[in-house]
Amino acid sequence: MKHPIHFLTTRATSLLLIGAALAACGGAAEAATTTATTSTTTATTGAITDVRFESTSATAQTNVPVTFGQVFAPGHLPAGTSLVGRLDTGATIPLQLDVKATHPDGSVRHAIISAVLPSLAASERRTMSMSKTTATSVTPAAASTLLNAGFTATFNATIGGVRYSASAHDLIKSGKATVWLAGANANEWHVSAPLTNSSGAEHPHLAARFAIRWYDDAKKARVDVAVENNWAYEAAPRNFTYDADLIVGGKSVYAKAGMNHLHHARWRKLAWWGGSSPEVNVKLNSAYLIATHAVPNYDQSVVVAETTLAGYKNEWTGAKTEPMGVGMALPAMPTTGGRRDIGLLPGWTASYVLSMDKRARDVTLGTADLSGSWSSHYRDKNTGHPVSLVDYPYMTIQGLTNDTFNKATGRYEAFPVCAGADLCKSPNYHDTSHQPNLAYVPYLVTGDYYYLEEMQFWGMWSAFMSNPYYRGFGKGLVKSDQIRGQAWTLRTLAETAYITPDKHPLKSHFAGFVDANLDWYNTNYAAGAATSNTLGILTNGYAMAYNSGTGVAPWQDDFFTAAVGHAAELGFSKAETVLKFKAKFPIERMVGTGGCWIGASAYTMKVRDSSTAPFYTTIAKVYQSTDTKFTSTVCGSAEMATSLGLKIGEMVGYSSEVFGYPANMQPAMAYAATAGGTQGAAAWSKFMSRTVKPNYSLSPQFAILPRGTTTSGTTTEVAPAPAPAPAPAPAPGTTTPTTVTYTACAVEGQMCSFTGTRTVRYSSATKGYVSKLLTGPVLCSSSVFGDPAPGYAKTCSYSSTSTTSTTSTASTTTAVAPTTTTTTTTTTTQPATETYTACATEGQMCSFTGTRKVRYSTATKGYTSKVLTGPVLCSAKTFGDFAPGYAKTCSYSSIVQ
């Protein structure tokens, strides 16, 4: 029988020549051709983002191959353009861009970038900025180039004395390869096949999948092998024990005797042919990654503790790091208690996003490699992809065989039963309610196909595991699950739909699941008669499983609010309506009339008198019925603190713990603060006023802030102070002291926008700053200023005075940054000139004082403006959408009206 491999169309790629000048934001759209493109050396000013290369070798390296994934904000890399970049040494390097996913406006969402660095000295660090440019065609290498170089790779599994094998070189030679990367720097071919014995007989369950990445300049190949035991509908599934041996270039690079390969699971190993693996850590720009909205708005003032990072490295050892181990995760997902793997991202992944530290990266990618160890992996032989609910709407894990009969096809879609009672036992147990997010960020930052499929396997399992009659069959509705299970499944489905390549056939499947679920929540909660639920709570599924059917768990409800807020940020517009409804509950718990925010993080809250009674309509009634201690004394008073055994201003539920219930609430509160307008902002302010907070440097998975906020309680854009009354004109030849103020303009990785030539500070909150005289706009990045405080989050601000200079200088000063600086300059009275200060990207809060004219602009379609009192939401909801599909920003006038 024919065994198809996964769908991979050859992508148009871009060979990018890093030019002599930095380029403005732009990009290239994905195309299903075999032609790659090369950038020209023509570029425009302004970089999109940068990336750092850190040598981890004690010796010098030459021809160092690097490949990494990069996500882009909407509009930053438009269709029809490509990238150009420059090292901080001024050197240029050819880059290759393989576009995978695009935004609705056609601009690039996710791409894989490849390069070969000519050299890296021992422990050397280099920064490369990336900007848009034009592109020209280049022809990618053929697979025969790899074979002609003598490449070989084979996997052997010896079962009961019989050897089964699969060879990557033979499969490539047979013409079965599909293309993942194509260009002048890197070419990657994927092949797969069942393992066969010496007579050619196929093993019914075991198969090998190879991803071979060839760097022609370096004459090296990365060998990525996944061994699978996961056919969805193969009879008699079971665990298999075998001796594993991976042979690359005639040498055994990984061997394990007596491997117990669990049913419907897979494992992965990497090796190199043609030399040793490159020793380089690729560090993306954390601030830009967060600003794209691909990941939540983690608090960039958090500096991940050295003890945490060192702990990751020390933990990464032993059986849990081997195939069928689970790395940093828990083997039994339903284990109770505070855990670092629960959240929109696990604690170690959030640590990686904020620090880009190699130790956090190693455990993040390593645990994602091991996410194949649970029996949640079902592959369809007919398509070669993870089995889809669209194709088998009646398949199920929890349902009975009779529930799986598909009347349209006349067939049962139940999975085959295990070959024996003891042949499918596993130490790893998975569910939806405690399911960590293991593969999303690894795919974002590497572009490795293995991680993409891990997302798809877990997303599909989470959608089809329930009874088909409960989930709407092929719709994949999650409404019957625990609220936390609904939250984490919606998170996984939304992320998978967002990042799966445009041409992949499962892209539309996942998008359909997300759409169907959001429709269900909007119909049942946010529209029509459903709006009678004034508390903003979910009541479906297992929501009312507390206090004899009268109570809900606010922390589970908060998980869902965070998940739907994340989906809204990923661009699922229907999630915005759900979020607006869900924002009511955390907001009302904090600032609702008759409530007390001290108890907002209670483990349970009573929301009705009996299991059949109507729900309360006010938060005051909720607090009164939950615990009279919240209403019998003044909220937040010393008397209340004493009665609850708390400190004054401390919230209930382990407020000092990074896994406590106030920490669980923070992501929901952050999304509610943005969606809830004035009340949302007030609720966030009250939440941040609590006196006992966790130390997120230990594990930051819940350290999420509202968009437009870069540190706890500090907004991205700081409004300038009102202009003082004009002073009398000085006598000729005299000088007057002028106070120079600084206006915050960007966090690290974003553009700092201003007019003219001004002094720009690149600052750390605790480590001082460096400054340069520059002409705006400029990239707030170490590639422009140098790094005054490695490992610390930085921001940019520009001076209130400009010079007549039109060129930037290289002079730099370092100091502990004061709030104002007094200088002596010659001044003359000038009429007020209106200027505009960039304050927010679309969806963020534009912060300023007073009433001013605010522009809502696109780069190419002009702008609309309104006179508003700050702060305001930079959104089509505020201004109307005059240019649908185009990315927009906001700026405010210098003139207070």
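Modeller: Accessible areas come from the Shrake-Rupley method with a 1.4 Å probe, and for residues only the protein chains shown count as cover. By that method the protein chain exposes about 33,400 Å², of which carbon and sulfur atoms supply 54%. This is a predicted model, in which local features need pLDDT of at least 70, side-chain atom pairs count only at pLDDT 80 or more, and totals for chains, interfaces and linings use all residues. Residues are numbered from 1 along each chain as its sequence is written, and side-chain values use heavy atoms, with hydrogens and water left out.

Biologist: Why is Thr102 called buried?

Modeller: Buried means under 20% relative accessible area, exposed means over 50%, and partly exposed lies in between (1.4 Å probe, protein chains only). Thr102 has a relative accessibility of 18%, and therefore counts as buried. Of the 897 residues of the protein chain, 57% count as buried.

Biologist: What makes the pairing of the side chains of Thr102 and Asp502 a polar contact?

Modeller: A polar contact is a pair of N or O atoms within 3.5 Å; within protein, one must be able to donate a hydrogen and the other to accept it, and residues adjacent in sequence count only if both atoms are side-chain atoms. The two side chains make such a contact at 2.5 Å. Thr102 itself lies in strand β6 (residues 94-102); helices (H or I, at least four residues) and strands (E, at least two) are DSSP runs, numbered from the N terminus.

Biologist: Why is Met324 called buried, and why is Tyr654 called exposed?

Modeller: Met324 has a relative accessible area of 11%, so the residue is buried. Tyr654 has 60% and is therefore exposed. Met324 is in the loop between α4 (306-315) and α5 (347-355), and Tyr654 is in the loop between α15 (638-644) and α16 (661-675). Phi is positive in Met324, near 75°, and in Tyr654, about 65°; neither residue is a glycine.

Biologist: How do you know that the length of helix α11 agrees with expectation?

Modeller: The expected span of a helix is 1.5 Å times one less than its number of residues. Helix α11 (residues 554-569) has 16 residues and should span 22 Å; its end C-alpha atoms are 22 Å apart, so the two values agree.

Biologist: What makes α11 largely enclosed by the rest of the structure?

Modeller: Of its 16 residues, 16 are buried, so α11 is largely enclosed. Just after α11, Gly571 takes a positive phi of about 110°.
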